[in-house]
Amino acid sequence: MPSDVTDAPDESEGLSYEDVAEEEEEEDNVSPTDLSELLKEGTKESHDRAENTQFVKDFLKGRIKRELFKLGTAALYFTYSALEEEMERNKDEPVFTPLYFPLELHRKEALEKDLAYFYGEDWPEKVQCSEATRRYVDRIRHVGQHEPELLVAHAYTRYMGDLSGGQVLKKVAQRALKLPSTGQGVHFYSFENISSAQQFKQLYRARLNALDLDKGTKERIVQEANKAFEFNMQVFEELDKIGALLTEEAQEGALPIHDGKGDPKKCPYYAAKPAGAQSSVCPWHLAAAALKQPSLQLVLAACIALAAGVAAWYVL
Ligand code: HEM
């Protein structure tokens, strides 16, 4: 354990993480019993699975719809709000203090800016915590309130991940969603107070290794980090299912029209169908499907041309 909780960067004294990192030279020879190594090795399989979820694979290929990206940003907002509130609560606990870096890491404010960009200033009335996000948030709250020694697992899983792949994901999102180069909509991915992600991660690992923990607690932390990966994957899966209900044309503010994939009962129009009605077919889906028929497109085009002709004849 760091002998003194004041080892954490004291921003009130104007110390930046760079100053602290210089003081805490990290040894390159890590031991297999170091928490940073145990976490890296112990979550390798989970990491591979997370990287290979459909949602992440699609995202990396730039196949992400704006509406889905907005929902993903909302999920992150609820997650980080809980995580950072619990970190605040535990900032004086020796099992967490050395990893308390609010200035460098905290994402809640960045996510608020992103949500205001996507949903407008009244975003708090427009975003909701999804079921999978709620389960993740509940776990973070439980840990923060009853097992603070496990909070480090949740912080590690999110922040080390964000610092590792953030810049790539930011560029993919900007390109795929045609977001402005000024960074609007992707503040989440920018750590303004970290000049070198690599250097910061070294410092974070050194802090993990300096925690005074017995073998059993270290094992529980690794287990909890695997749980955190699992919660993240459940959020991805949920987003993936919602994505299947959105058409390519789903625009900002528009209700999603399902494309026939997934469970049609989840279509908002299906849900709105009066009880006792015979047909289970969603009218929007039906209309969208009908408009894809070439013969119907021809008839529609002929009708429009005829109407235009009649209108022109009438005007002249
Ligand atoms: C988009 C797919 C992903 C890619 C391409 C990716 C890539 C990487 C890479 C290259 C590293 C090593 C960085 C380094 O050693 O400096 C890393 C580390 C990490 N990633 Fe990911 N990652 C992805 C998704 C995720 C997800 C979904 C999570 C968790 C929610 C995550 C959590 C982590 C963590 C915790 C580390 C730190 C490992 C350590 O050094 O202990 N990653 N990632």
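**Overall fold**

The model is predicted. The protein chain has 15 helices and 0 strands. It holds 316 residues, and 41% of them are buried. Take the contacts between residues at least 6 apart in sequence: 77% of these join residues at least 24 apart.

**The α9 and α10 pair**

Two packed helices are described by the angle between their axes and the distance between the axes. Helix α9 spans residues 131-146, and helix α10 spans residues 151-176. Their axes lie 8 Å apart, at an angle of about 135 degrees. The helices α9 and α10 are therefore oblique to each other. An angle has to be over 145 degrees to count as roughly antiparallel.

Which residues of α9 and α10 meet? From α9 come Tyr136, Arg139, Ile140, Val143 and Gly144. From α10 come Leu151, His154 and Arg158. By class, this contact has 4 nonpolar, 2 polar and 2 charged residues.

**The iron site**

The iron atom belongs to the ligand, and its only protein donor is His47. The donor atom is NE2, at 2.1 Å. Histidine 47 sits in helix α3, which covers residues 44-51.

**Aromatic pairs**

The structure holds 14 aromatic pairs. Two of them are set out below.

| Pair | Centre to centre | Angle between planes | Class |
|---|---|---|---|
| Phe55 and Phe59 | 6.2 Å | 90 degrees | edge-to-face |
| Tyr117 and Phe118 | 5.2 Å | 70 degrees | edge-to-face |

Why is the pair of phenylalanine 55 and phenylalanine 59 edge-to-face? Their planes stand at 90 degrees, so the pair falls in that class. The cut-off for edge-to-face is over 60 degrees. Phenylalanine 55 and phenylalanine 59 are both buried.

In the other pair, tyrosine 117 has 28% relative accessibility and counts as partly exposed. Phenylalanine 118 has a relative accessible area of 2%, so this residue is buried. Buried means under 20%.

Which residues form one aromatic cluster? They are Phe55, Phe59, Phe69, Tyr117, Phe118 and Phe236.

Most residues other than glycine have a negative phi. Lysine 178 is not a glycine, yet its phi is positive, about 50 degrees. Lysine 178 lies in the loop between α10 and α11 (197-210). Is lysine 178 buried or exposed? With a relative accessible area of 73%, lysine 178 is exposed.

Glutamine 198 is part of helix α11. Its relative accessible area is 48%, so glutamine 198 is partly exposed. Exposed would need over 50%. Glutamine 198 and leucine 163 are 35 residues apart in sequence. In space they are 8.1 Å apart, C-alpha to C-alpha.

Phenylalanine 101 is in the loop between α5 (66-89) and α6 (102-105). Phenylalanine 101 is buried, at a relative accessible area of 1%. Phenylalanine 101 and lysine 91 are 10 residues apart in sequence. From C-alpha to C-alpha, the two are 9.4 Å apart.

How values were computed. Residues are numbered from 1 along each chain as its sequence is written. This is a predicted model: local features need pLDDT of at least 70, side-chain atom pairs count only at pLDDT 80 or more; totals for chains, interfaces and linings use all residues. Side-chain values use heavy atoms; hydrogens and water are left out. Axes are lines fitted to C-alpha atoms, for helices over the stretch in contact, and angles run from 0 to 180 degrees between N-to-C directions. Helices (H or I, at least four residues) and strands (E, at least two) are DSSP runs, numbered from the N terminus. Angles under 35 degrees count as roughly parallel, over 145 as roughly antiparallel, 65 to 115 as roughly perpendicular and the rest as oblique. Contact means heavy atoms within 4.5 Å. Ala, Val, Leu, Ile, Met, Phe, Trp, Tyr, Cys and Pro count as nonpolar, Asp, Glu, Lys and Arg as charged, and the others, Gly among them, as polar. Donors are N, O and S atoms within 2.8 Å of the metal (3.2 Å for Na, K and Ca); water is not among the atoms, so sites may look incomplete. Rings of Phe, Tyr and Trp (its six-membered ring) pair if their centres lie within 6.5 Å; planes under 30 degrees apart count as stacked, over 60 as edge-to-face and the rest as tilted. Buried means under 20% relative accessible area, exposed over 50%, partly exposed in between (1.4 Å probe, protein chains only).
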